[in-house]
Amino acid sequence: MTISPDSIVYWQWHALTLNATIVFTWLVMLILTVGSWLVTRNLSEGPELSRLQNLLEVVVTGIRDQIAQVSLQNPGPYLPFVGTLFLFIATANLLNIIPGYQAPTGSLSTTAALAICVFIAVPVFGIANRGAGRFLRHYIQPTPLMLPFNIIGELSRTVALAVRLYGNIMSGTVIVAILLSLTPIFFPSSCSSWGY
């Protein structure tokens, strides 16, 4: 059993490598693109809503409510970015029920890329919301001596986001591998008929 989809290589030519992380990331992007097109092609404002539009409205409302509760601000400007992150991560992880599928979030490169997106988005949203001067001033609060610690805090948060998501997915894979390796101990006769 492979722990990271990076180790599964489907095609390689010199320095170009097509591994499971890239393939299944493309698959998730294709599912989200086609799914969003199917859901939004016949939107209705009347009382009669399709099931897909009803599901979409529930998801969007849930994400908006979560953003509003966490940020205590209008969720409108943050909804596209946070919603995209949520849908990508949720879809990538929910597809794990399909045999042969490897979640791209099981790769540290994917989780690091998502964390870098958040790392870039935080100052962009902060400057857009409060202005450059007020946003940058928070790095020297309550005293200018805090500047290096606040910068280290920003960097460590990015690393923590990447490692936490990767660890959650990897730990599930490791637990399944441990359970599969212990199966012959508890079920020796049935495992021998399966070829273990």
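Two strands count as paired if DSSP finds at least two bridges between them. Helices (H or I, at least four residues) and strands (E, at least two) are DSSP runs, numbered from the N terminus.

This is a predicted model, in which local features need pLDDT of at least 70, side-chain atom pairs count only at pLDDT 80 or more, and totals for chains, interfaces and linings use all residues. Residues are numbered from 1 along each chain as its sequence is written, and side-chain values use heavy atoms, with hydrogens and water left out.

**Stop 1: the hairpin.** Select residues 9-13 and 16-19. These are β1 and β2, antiparallel and joined over four bridges. Two residues lie between the strands of this hairpin. Click His14 in the turn: its phi is positive, about 55 degrees. Then find Gln12, which stands opposite Thr17 in β2.

**Stop 2: helix α3.** Select residues 79-94. This helix has 16 residues and reaches 21 Å from first C-alpha to last, close to the 22 Å expected at 1.5 Å a residue. The expected span is 1.5 Å times one less than the number of residues. Colour Leu79, Gly83, Leu85, Phe88, Thr91 and Ala92, the buried residues here. Buried means under 20% relative accessible area, exposed over 50%, and partly exposed in between (1.4 Å probe, protein chains only). Now show α1 (20-40), α2 (51-71) and α4 (108-130), against which the buried residues of α3 pack.

**Stop 3: the largest pocket.** Its volume is about 1100 Å³. A pocket is an open set of points on a 1 Å grid over the protein atoms alone, where a 1.4 Å probe fits, with protein on both sides within 12 Å along at least five of seven lines; lining residues have an atom within 4 Å of a point. Volume is the space filled by probe spheres set on the points, which are joined across faces, edges and corners. The lining has 33 residues, with Phe81, Val82, Leu85, Val118 and Val122 nearest the centre. Two or more lining residues come from each of α2, α3, α4 and α6. The largest share, 10 residues, belongs to α4.

**Stop 4: helix α4.** Its buried residues are Thr110, Thr111, Leu114, Ala115, Ala121 and Gly126. Just after α4, Gly131 has a positive phi of about 90 degrees.

**Stop 5: the salt bridge.** The structure holds one. Select Arg157 and Glu154, whose closest N and O atoms are 2.7 Å apart. The criterion is a side-chain nitrogen of Lys or Arg within 4 Å of a carboxyl oxygen of Asp or Glu. The two residues are three apart in α6 (residues 147-186), so about one helical turn separates them. Arg157 is partly exposed at 34%, whereas Glu154 is buried at 13%.

Key:
Contact means heavy atoms within 4.5 Å.
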